Amino acid sequence: MVFLWAFLVGGTICLIGQIIMDVFKKTPGFTLSFLVVAGAILDGFGLYEPLVDFAGAGATVPITSFGNSLVHGALQEAERSGLIGVVTGMFEVTSSGISAAIIFAMIGALIFKPKG
Amino acid sequence: MLNTTKSDYKQLASKYETKRPIWENCLRAFVVGGLVCAFGQLISFFYMYFFDFTEETVGDPTVATIIFITMILTGFGVYDKIAQFSGAGTAVPVSGFGNAVISAAIEHRSEGFVQGVGANMFKLAGSVILFGVFSAFVIALIKTILIQLGVI
């Protein structure tokens with residue numbers, strides 16, 4: 001059942017991305033940035049966490065979760081150490097995506113040669 | 001006569017040309033994107049059963065694993081073909097973010113590791129990080145101030 005919800009919710013988020021690209025004629029870069037901001041706003045209103053509980057990877061795998069976890073980390077740290085925590089806590093939760101991208105990109109650049 | 005049929009045909013063709021791909025692309029994006037997320041759910045279950053991850057923390061290793069798979073697919077040149085078919089279906093999941101970083105790193109390797117790979121790695125994905133971090137900053141700042149003032 002979780003798989004079905006992951007499929008449907010994740011598919012819908014990708015569908016929204018495709019509509020932004022095709023109907024509103026935006027670049028992929030704009031689309032991804034838009035979705036990240038949308039995820040951040042949703043978490044600001046406390047709406048993203050219920051979606052993660054409900055759809056699992058359907059909500060954590062799309063790029064919207066990046067915005068969500070940035071806000072999440074900032075708010076968590078702000079709770080502990082006040083306003084400064086907004087800046088210092090931002091990457092607390094989301095660091096894995098960025099560090100994985102950097103590490104694997106470096107490994108990829110070491111192993112593979114550019115094609116075409 | 002010939003001209004009118006030609007322009008008629010052009011009109012007809014352009015009508016179908018602009019209309020059809022949107023529906024087809026949307027369907028592809030939905031199905032492929034959904035499958036990527038369902039596959040992510042499978043990875044999540046793997047990490048929950050065989051390692052000490054809870055439902056809340058399992059998102060991190062799942063994202064990292066998908067980026068790793070993206071690296072392999074990008075390196076062998078398979079990712080481009082999948083992305084061409086699926087459009088937003090693979091661009092919107094973290095695989096798209098990973099591919100933007102990894103393909104830029106591989107592509108600029110010939111310029112050296114400092115000036116090429118290091119300088120160009122976030123050429124495409126940089127805007128995602130910029131807008132994500134800045135919007136998160138503004139939102140978290142507003143919410144924290146509202147909480148401290150006792151509004152929420």
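# A tour of chains A and B

Start with chain B: among its contacts between residues at least 6 apart in sequence, 57% join residues at least 24 apart. Two residues are in contact if their C-beta atoms, placed from the backbone, lie within 7 Å. The model is predicted, so local features need pLDDT of at least 70 and side-chain atom pairs count only at pLDDT 80 or more, while totals for chains, interfaces and linings use all residues. Residues are numbered from 1 along each chain as its sequence is written, and chains are lettered from A and ligands numbered from 1 in the order in which they are written.

**Chain B, whole**

Keep chain B selected. Colour by secondary structure: seven helices and zero strands. From the N terminus on, the elements run α-α-α-α-α-α-α. Helices (H or I, at least four residues) and strands (E, at least two) are DSSP runs, numbered from the N terminus. The C-alpha atoms fill a box of roughly 75 × 50 × 40 Å along the principal axes. The radius of gyration of chain B is 22 Å, whereas a compact globule of 152 residues would have one near 15 Å. That radius is taken over C-alpha atoms, and the globule rule is 2.2 Å times the number of residues to the power 0.38.

Buried residues make up 44% of the 152 in chain B. A residue is buried if 20 or more other C-beta atoms lie within 10 Å of its own, exposed if 12 or fewer, and partly exposed in between; C-beta atoms are placed from the backbone.

**Domains of chain B**

Select 2-121 for domain 1 and 126-152 for domain 2 of chain B. These bounds come from an automatic or database domain assignment. The domain centres, taken over C-alpha atoms, are 28 Å apart.

Zoom to B:Ile69, in helix H2 of chain B. B:Ile69 counts as partly exposed because it has 16 C-beta neighbours inside 10 Å.

Switch to chain A. Here too you will find seven helices and zero strands. The pattern along the sequence is α-α-α-α-α-α-α. Its C-alpha trace spans about 50 × 35 × 30 Å along the principal axes. Of its 116 residues, 55% are buried. Of its contacts with a separation of 6 or more, 60% are between residues 24 or more positions apart.

**A loop stop**

Select A:Lys25, in the loop between helix H1 (2-22) and helix H2 (28-44) of chain A. Check its backbone: phi is positive, about 55 degrees, although A:Lys25 is not a glycine. A:Lys25 is exposed, with 8 other C-beta atoms within 10 Å.

**Helix H7 of chain A**

Select residues 95-111 of chain A. This is H7, with 17 residues and a reach of 24 Å from first C-alpha to last, close to the 24 Å expected at 1.5 Å a residue. The expected span is 1.5 Å times one less than the number of residues.

Which residues of H7(A) are buried? They are A:Gly97, A:Ala100, A:Ala101, A:Phe104, A:Ala105, A:Gly108 and A:Ala109. They cover an arc of only 155 degrees around the axis, so they sit on the same side of H7(A). The arc is that of the directions from the helix axis to the C-beta atoms.

Now show what covers them. The cover includes helix H5 (64-81) of chain A, together with helix H2 (59-75), helix H5 (94-107) and helix H6 (113-120) of chain B.

**The contact between the chains**

Show both chains. The contact takes 59 residues from chain A and 60 residues from chain B. On the chain A side, H1, H2, helix H4 (57-60), H5 and H7 each give two or more residues. H1(A) supplies the largest share, 15 residues. Colour that side by residue class: 41 nonpolar, 16 polar and two charged. Ala, Val, Leu, Ile, Met, Phe, Trp, Tyr, Cys and Pro count as nonpolar, Asp, Glu, Lys and Arg as charged, and the others, Gly among them, as polar.
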